[in-house]
Amino acid sequence: MVITPDPYDTPSLLVDAAVLERNLSRMAAHAHSNGKRLVPHAKTHRNVALGLRQIAAGADGLTVAKLGEAEEFARAGVNRLVVAYPLVGEHKARRAVELSRRVELIVAADSVEGARSLAEVATAQGTELAVRLMIDSGLGREGLRPEEAVRVAREIAGFDGLHLQGIQTHEGNVYTATDEADLRARCREVARLMTSVAEELRAAGIPVHDVSVGASASARIMAEQSGITELRPGIYAFNDLGQVALGNAALADCAARVATTVVSSPRPGYGCIDAGSKALGADLVPAVAHRDAFPGYGLIPELPGWIVARLSEEHGWLRWTGAEPAPQLKIGERVHVIPNHVCMVFAALGECHLVEADTTTWLPCMSAGTSR
């Protein structure tokens, strides 16, 4: 007998189905009305049922970080998948080739060496992999510097076994925007950079079909930029305080909340909940400029004036920040935390409970094996 977790035990991640569906439909409509494909990043939740809901709500496929995630979504019936991560090595290349025989698959590379490992296996298997060149648009994590794109693309385009399909980026540098004007300026600069790289490649005789960008922080603005063909946001499905701080969502748009219990209040002005870093993650809101407005490790709507000031693994340390004397916390009271970064909550808890009218459905996330 399999006993599923009780959604009323804490800590638990609860997802409001009505808010989720509204977020999914809104983004799909916004992308499509601006002529963009929406291929959301499912690494946010790594959950088959939620990924299928995104497809049903109008998404044109799913983006993943790992081949294991792609394989799992393919088994569930998703037939267009983007692996937005550089794949390197023979074993992953073999898995990618096998998967490409069953679904429309696009993989990524940001080096000649990485692309060569894909090309050799694809050629030996008598097939061709669609690949995108990853561009660094300012985050400085992975991806080629724009000035290197033509040189590397020429080499990759010459490999048997590969079809250079386009370019992509993760514009994570927009998360540190200080206000709406700064956010819009950063988005326009990324769009200008990516379309400029695409034009240089085309001028060099290298066809570019897709110019793909991916960040929830920028999606609503990037949808309006010319020359961009595809959006790959992830967090938009649920939203979190990071998105609220950037002006991309209101608190009412936050579909995911961590249910937790007040377990201790040893002295006035202090308390503990049973959700620590293993439930909430340990991220502050991304932009330092917004941390005064959104302090701590999440917002508890039921406890105005209290902040989650500190985390240990199993404890969330509450501190009173109001002007008047602190009200007494009620031991045993169940409250809800809107997280700073919802991706880390899904990763930490590995499951969620979808709340739909009077029904609660337990949805397990993918197993650890899919993270390879």
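## A guided look at helix α3 and its surroundings

Guide: Helix α3 (residues 67-75) packs against helix α4 (residues 90-100) at an angle of about 20°, and their axes lie 11 Å apart. This is a predicted model, in which local features need pLDDT of at least 70, side-chain atom pairs count only at pLDDT 80 or more, and totals for chains, interfaces and linings use all residues. Residues are numbered from 1 along each chain as its sequence is written, and side-chain values use heavy atoms, with hydrogens and water left out.

Visitor: Why are α3 and α4 called roughly parallel?

Guide: Angles run from 0 to 180 degrees between N-to-C directions, and those under 35 degrees count as roughly parallel. The angle here is about 20°, so α3 and α4 are roughly parallel to each other. Their crossing is left-handed, meaning that the near helix is turned anticlockwise from the far one by less than a right angle.

Visitor: Which residues make the contact?

Guide: Contact means heavy atoms within 4.5 Å. On α3 the residues are L67, G68, A70, E71 and A74, and on α4 they are K92, R95, A96 and L99. They divide into 5 nonpolar, 1 polar and 3 charged; Gly counts as polar here.

Visitor: What makes α3 largely enclosed?

Guide: Buried means under 20% relative accessible area (1.4 Å probe, protein chains only). In α3, 7 of the 9 residues are buried, so the helix is largely enclosed by the rest of the structure. The buried residues are L67, G68, E69, A70, E71, F73 and A74, and their cover includes α2 (48-56), β3, β4 and α4.

Visitor: How do you know that β3 is at an edge of the sheet?

Guide: The open sheet has 8 strands in the order β2-β9-β8-β7-β6-β5-β4-β3, with parallel pairing. Both β2 (37-38) and β3 (62-64) have a single partner strand, so one side of each is left without a neighbour in the sheet. Two strands pair if DSSP finds at least two bridges between them, and 3 bridges join β3 to the parallel strand β4 (residues 80-86). In this pair, L62 stands opposite L81 in β4.

Visitor: Why is D253 called buried?

Guide: D253 has a relative accessible area of 11%, and the cut-off for buried is under 20%, so D253 is buried. D253 sits in the loop between α9 (241-245) and β10 (256-264). Not counting residues up to four places away in sequence, D253 touches V19, R22, N23, R26, F238 and N239.

Notes. Helices (H or I, at least four residues) and strands (E, at least two) are DSSP runs, numbered from the N terminus. Angles under 35 degrees count as roughly parallel, over 145 as roughly antiparallel, 65 to 115 as roughly perpendicular and the rest as oblique. Buried means under 20% relative accessible area, exposed over 50%, partly exposed in between (1.4 Å probe, protein chains only).
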